[in-house]
Amino acid sequence: NLTSTGDTVIVLQGFYQENLRMADKSIHLASLYLTTGDTSKITSTIIDGGYAATTIACTSSTGAGVGAIKLTGLTIQGGGSNNGFVVGGGIKVNDYRSITITGCIIQSNQAMFGGGLYSYNTDSVMIHNSIIWYNDAFEYGGGMMVTGSGDYFIISNSLVHNNAVGVYDNGGMGLDGNHKKIILNTNVAYNVVPQGRYGGGM
């Protein structure tokens with residue numbers, strides 16, 4: 001609550017059981033990977049949702065798309081709930097101007113839609129040098145679900161592996177928004193949908 005738009009918040013190494021909420025603000029949340037380039041800071045700076053709710057949720061109070069969130073060098077896990085009625089397990093971003101995820105590991109999250117990440121009506125969704133794996137969704141988008149309106153979706157130099165959907169489609173990535181979609185140097189593999197369903201990878 002003490003942060004203001006434009007702040008960069010550095011998270012020191014450690015395990016933090018939190019369900020973070022941001023509304024309308026433009027914040028850069030990062031580990032010491034941001035300042036040192038040391039990749040060990042990624043796996044040792046963990047934000048865990050404790051399966052109580054979405055681990056990191058960014059929503060607009062006005063629907064005007066004014067916020068821009070950046071997440072750098074974090075492990076984001078344990079998002080969702082045991083009853084499965086959460087949209088966006090690890091990360092949820094709704095009606096924001098942009099989200100940029102760099103050098104993050106998004107793992108072991110669960111939700112109804114978008115086990116690892118759920119984005120709705122966000123103008124730009126950018127994911128770079130990240131790993132999205134071992135996330136589960138009950139219906140759609142085991143690794144991620146990007147839907148609604150927006151300008152573009154970009155994922156580059158990343159891995160989307162071993163995510164799963166329980167009932168319907170899009171084991172790895174569900175990309176049904178009207179964004180321009182750019183996928184560069186990204187490995188999408190070993191994602192699972194039920195037999196007879198569609199889009200194991202995306």
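Where does Asp-24 lie? I looked this up in the predicted model and found Asp-24 in the loop between strand E3 (20–23) and strand E4 (28–31).

**Entry 1: backbone angles.** I checked phi at Asp-24 and read a positive value of about 70°, although this residue is not a glycine. Asp-24 is partly exposed, at a relative accessible area of 22%. I then turned to Asn-129, which is not a glycine either and has a positive phi of about 50°. Asn-129 sits in the loop between E14 and strand E15 (131–133), and I noted it as partly exposed, with a relative accessible area of 42%.

**Entry 2: the core.** Next I opened up the largest nonpolar core, which holds 29 residues. Leu-71, Ile-101, Met-144 and Phe-153 are the ones that touch the most other members. Several strands give two or more residues to this core, among them E7 (68–72), E10 (98–102), E17 (144–147) and E18 (152–156).

**Entry 3: the surface.** Which residues form a nonpolar patch on the surface? I found Ile-10, Leu-12 and Leu-34, with about 250 Å² of accessible area together. Leu-12 is in the loop between strand E1 (8–11) and strand E2 (14–17). Leu-12 counts as exposed because its relative accessibility is 53%, and the cut-off for exposed is over 50%. A reminder to myself: in soluble globular proteins, nonpolar side chains tend to be buried together.

Methods:
Residues are numbered from 1 along each chain as its sequence is written. This is a predicted model: local features need pLDDT of at least 70, side-chain atom pairs count only at pLDDT 80 or more; totals for chains, interfaces and linings use all residues. Side-chain values use heavy atoms; hydrogens and water are left out. A nonpolar core is a set of buried Ala, Val, Leu, Ile, Met, Phe, Trp, Tyr and Cys residues joined through side-chain atoms within 4.5 Å. Buried means under 20% relative accessible area, exposed over 50%, partly exposed in between (1.4 Å probe, protein chains only). Helices (H or I, at least four residues) and strands (E, at least two) are DSSP runs, numbered from the N terminus. Patches are made of residues with over 30% relative accessible area and no salt bridge: like charges are joined within 9 Å, nonpolar side chains (Val, Leu, Ile, Met, Phe, Trp, Tyr) within 5 Å. Accessible areas come from the Shrake-Rupley method with a 1.4 Å probe; for residues, only the protein chains shown count as cover. A salt bridge is a side-chain nitrogen of Lys or Arg within 4 Å of a carboxyl oxygen of Asp or Glu.
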